[in-house]
Amino acid sequence: MTFKLAGAFLAAALCLPVVARADEGMWTFDAFPAARVEQSLGVKIDQKWLDRVQAASVRLTSGCSASLVSPEGLVLTNQHCVVDCAQNLSTGSADYVKDSFLARTREEERICPGVQAEILLSIIDVSADVSKATSGLSGGDFIKARNATYARLESETCSRDPQTRCQVISFYRGGQHKLYRYRKYSDVRLVFAPELSAAFFGGDPDNFNFPRYALDVGFLRLYENGKAVSTPQHLTWKARAPVPGEATFVSGNPGSTDRQLTVAQLETQRDLVIPISLLQRSEMRGRLIEFSRRDAESRRIATDPLFGLENGFKVNFGRQFALNTPSLMDAKRAEEADLRARVAADPALAARIGDPWSEIAAIQKVYADQYLRFRQLEAGSGGSSDLFNFAQILVRGARERTLPSAERLPEFADARLPLMEKQLLDASPVDPALEQLEMEFWLLKTREYLTADDPVTKLLLGRDSPEALSQALVSGSKLGDPAVRKALWQGGLPAIEASTDPMIRYALKIDAEARAARKAWETQVSAPTEAAAARIATARFAVYGDKVYPDATFSLRLSYGKVAGWTWRGTEVPATTRIAGLYERATGAEPFRVADRWLAARDRMKPDAVFDFVTTNDIIGGNSGSPVISAKGEILGAAFDGNIHSLGGNYGYDGTLNRTVVVSTAGATEALRHVYGANVLVRELGLR
């Protein structure tokens, strides 16, 4: 894998553009380059088409994308986007991750705890409001004014309609601010999820590779007032093979990219942020593997978090490799130098912009000094412990809700409380052994990074060891019970201060230090960085106009491309795989073992039906589950991965190599019919 990556990123670096070219770009729906698409792909995309696709595109608060595929609220996404729901619904006697889940009737569809679905209704540019409120401010004053403006705008637009959610999103690293208004659905139910061995066939060896033979699909349904939602604006499911060269569009919510970071910021990512992430993920992976070997139940519990860790490790490894490739960094330096030279050549623009690049470079010293403290005490506090997360939300929520909405931490503003309450109060299983593992690891790494002599470490641990403290906190806490959480949430600050729950007492004890780390970070790193980045965005607009798209922000975007394989070192990689290839690739041993039901169905399926395929669409994490759509508005599949060359896509796009990996509707239909006997679901998709 290392050998492949080096060449891939060298090619990618040489092709990094200053502005979007070819099939590059994660475009907002209010600034989609339809004329460029028509010139590039020969298809015309009009406003009616855009409106329909937007209305059928779904954002899942679990961090994935999805789409409406029937008039009765049926939603298509990936299995790995619903696996957490399947895990939460599983028990020791019913493992829906290992054995699959299929609701044959509406009554069998099960609520996914903590999951909310959102459909974008409108986009409003509020840049002028934010600019006016923050003009002339810096540091903590800047952050406070910006957050207050966000809270006011969100509340004014959505507070009177409980069915909507508003979110102000920053684009171009603070150069633009837009208010996104969503129709929200809090009752989301699981309809179908295949077994992990089918959805993730090939496991980690095949992850971010192609050819693939994975049925990474999942179906949900939206409910309201106990009834399935009527969704006339849905995409048309077509169980046909994609045609090589045909235009494809991916509508989804890419999570984040760093294509507009300065060279100094990229160096910090390369030298500090990513190495720490890799080290912690690697060590935690080993701990989880050992945990999973205790017994069958531990293996079931560890399956989902282990998948996430391994996937994240591979992503970060790819990014590290990209940033260690000299040609990529040379290309980024050339790109930055070009923009700076164009600004310098325009005296009026130069006077307005100043030198934000040097300002950001200077901030990197402060970033490095404060990063570990901020990471351990605030951004990554508690590790992945659900119990600690509950406690922190309860403690902070009790304190923040005593303040006016505009003066709170932004996540506790009135407009954002309904989703937070849902995620806090929905019933979901908590495993004490896994919780202890997560807390223990966080405490161990915090002591390691901050040292045993740091006053904060002494506050966190007292005279306890990480092992003993984590055991005491987890075993004594009752926060796994949603009724206990509800009582504390509704009781407010008096209930929190009177609580004897050890996890609540612990969150209270360390909250001041965590808040201090956050305040220092926002005042000395976030605020000045955003202010400088906004001026760089102004420079980009002035020099390149509308040819620049914003970095990903987990907001709805549309990318364009086509069905196409690629050539790597003289070898042509075809655009599609066939169902017959699954059985040829199977060895009988994990991760290349085919489930028994798949073996039994082999003769019933069309061996030449397309299983998975690849396109040139520009995507990133968060696009998982995104519909891959034809120019006619037909859904051809769901994006679930990228190829190995796309791992550097966080920093740039190379259309000759970067590929989106898609599970096809043709292959999914064959499996639904002949492997799972999901005939009712197939008929709902409009097929006979």
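## Reading disulfides, helix packing and cores

Guide: Welcome! C85 and C112 form a disulfide, with their sulfur atoms 2.1 Å apart. Please keep in mind that this is a predicted model.

Visitor: Thanks! What is a disulfide in general, and what is the torsion about the S-S bond of C85 and C112?

Guide: A disulfide is a covalent bond between the sulfur atoms of two cysteines. For C85 and C112, the torsion about the S-S bond is about -85°, so this disulfide is left-handed. C85 lies in helix α4, while C112 sits in the loop between β6 (110-111) and β7 (117-125), so the pair ties together parts that are 27 residues apart in sequence.

Visitor: Are these two cysteines buried or exposed, starting with C85 and then C112?

Guide: C85 has a relative accessible area of 5% and is buried. C112 is buried as well, with a relative accessible area of 2%. The cut-off behind that reading is that buried means under 20% relative accessible area.

Visitor: How many disulfides does the count come to?

Guide: The count comes to 3 disulfides. Another of them joins C64 and C81, whose sulfur atoms are 2.2 Å apart. The torsion about the S-S bond here is about -80°, so the disulfide of C64 and C81 is left-handed. This pair links distant parts of the chain: C64 is in strand β3 (residues 64-68) and C81 in helix α4 (residues 79-89), 17 residues apart. Both C64 and C81 are buried.

Visitor: And what about C158 and C166: how far apart are their sulfur atoms, and is their disulfide left-handed or right-handed?

Guide: The sulfur atoms of C158 and C166 are 1.9 Å apart. The torsion about their S-S bond is about 65°, so this disulfide is right-handed. C158 counts as buried at 6% relative accessibility, and C166 is buried with a relative accessible area of 1%.

Visitor: Which pattern do the disulfides of the protein chain follow?

Guide: With bonded cysteines counted along the chain, the pattern is 1-2, 3-4, 5-6.

Visitor: Let's move on to helices. How are two packed helices described, and at what angle do the axes of α10 and α12 cross?

Guide: Two packed helices are described by the angle between their axes and the distance between the axes. Here, the axes of helix α10 (residues 263-292) and helix α12 (residues 326-344) cross at roughly 155° and come within 10 Å. That makes α10 roughly antiparallel to α12, because angles over 145 degrees count as roughly antiparallel.

Visitor: Which residues make the contact?

Guide: On the α10 side, they are V263, L266, E267 and R270; on the α12 side, M329, K332, R333 and E336. By class, the contact has 5 charged residues, 3 nonpolar and no polar.

Visitor: Now for the cores. Where do nonpolar side chains tend to be in soluble globular proteins, and which residues touch the most other members of the largest nonpolar core here?

Guide: In soluble globular proteins, nonpolar side chains tend to be buried together. The largest nonpolar core of this model has 118 residues, and L190, F219, F249 and W598 touch the most other members. Helix α4 supplies the largest share of this core, with 6 residues. Leaving aside residues up to four places away in sequence, the contacts of W598 include E195, L582, M605, F611 and Y676. Apart from this core lies another, of 35 residues, among them M439, W442, W489 and I510.

Visitor: Could we look at single residues too? Where is F313, and which residues does F313 touch?

Guide: F313 is in helix α11. Not counting residues up to four places away in sequence, F313 touches L278, R281 and S282. With a relative accessible area of 29%, F313 is partly exposed.

Visitor: What is the place of N209, and does N209 count as buried or exposed?

Guide: N209 is in the loop between α9 (203-206) and β11 (218-224). At 18% relative accessibility, N209 counts as buried. Beyond residues up to four places away in sequence, N209 touches K314, D641, G642, I644 and V661.

Visitor: And in which helix is E297 found?

Guide: E297 is found in helix α11 (residues 296-323). At 33% relative accessibility, E297 counts as partly exposed. The C-alpha atoms of E297 and L120 are separated by 40 Å, and these residues are 177 residues apart along the chain.

Key:
Residues are numbered from 1 along each chain as its sequence is written. This is a predicted model: local features need pLDDT of at least 70, side-chain atom pairs count only at pLDDT 80 or more; totals for chains, interfaces and linings use all residues. Side-chain values use heavy atoms; hydrogens and water are left out. Axes are lines fitted to C-alpha atoms, for helices over the stretch in contact, and angles run from 0 to 180 degrees between N-to-C directions. Helices (H or I, at least four residues) and strands (E, at least two) are DSSP runs, numbered from the N terminus. Angles under 35 degrees count as roughly parallel, over 145 as roughly antiparallel, 65 to 115 as roughly perpendicular and the rest as oblique. Contact means heavy atoms within 4.5 Å. Ala, Val, Leu, Ile, Met, Phe, Trp, Tyr, Cys and Pro count as nonpolar, Asp, Glu, Lys and Arg as charged, and the others, Gly among them, as polar. A disulfide is a pair of cysteine sulfur atoms within 2.5 Å. Buried means under 20% relative accessible area, exposed over 50%, partly exposed in between (1.4 Å probe, protein chains only). A nonpolar core is a set of buried Ala, Val, Leu, Ile, Met, Phe, Trp, Tyr and Cys residues joined through side-chain atoms within 4.5 Å.
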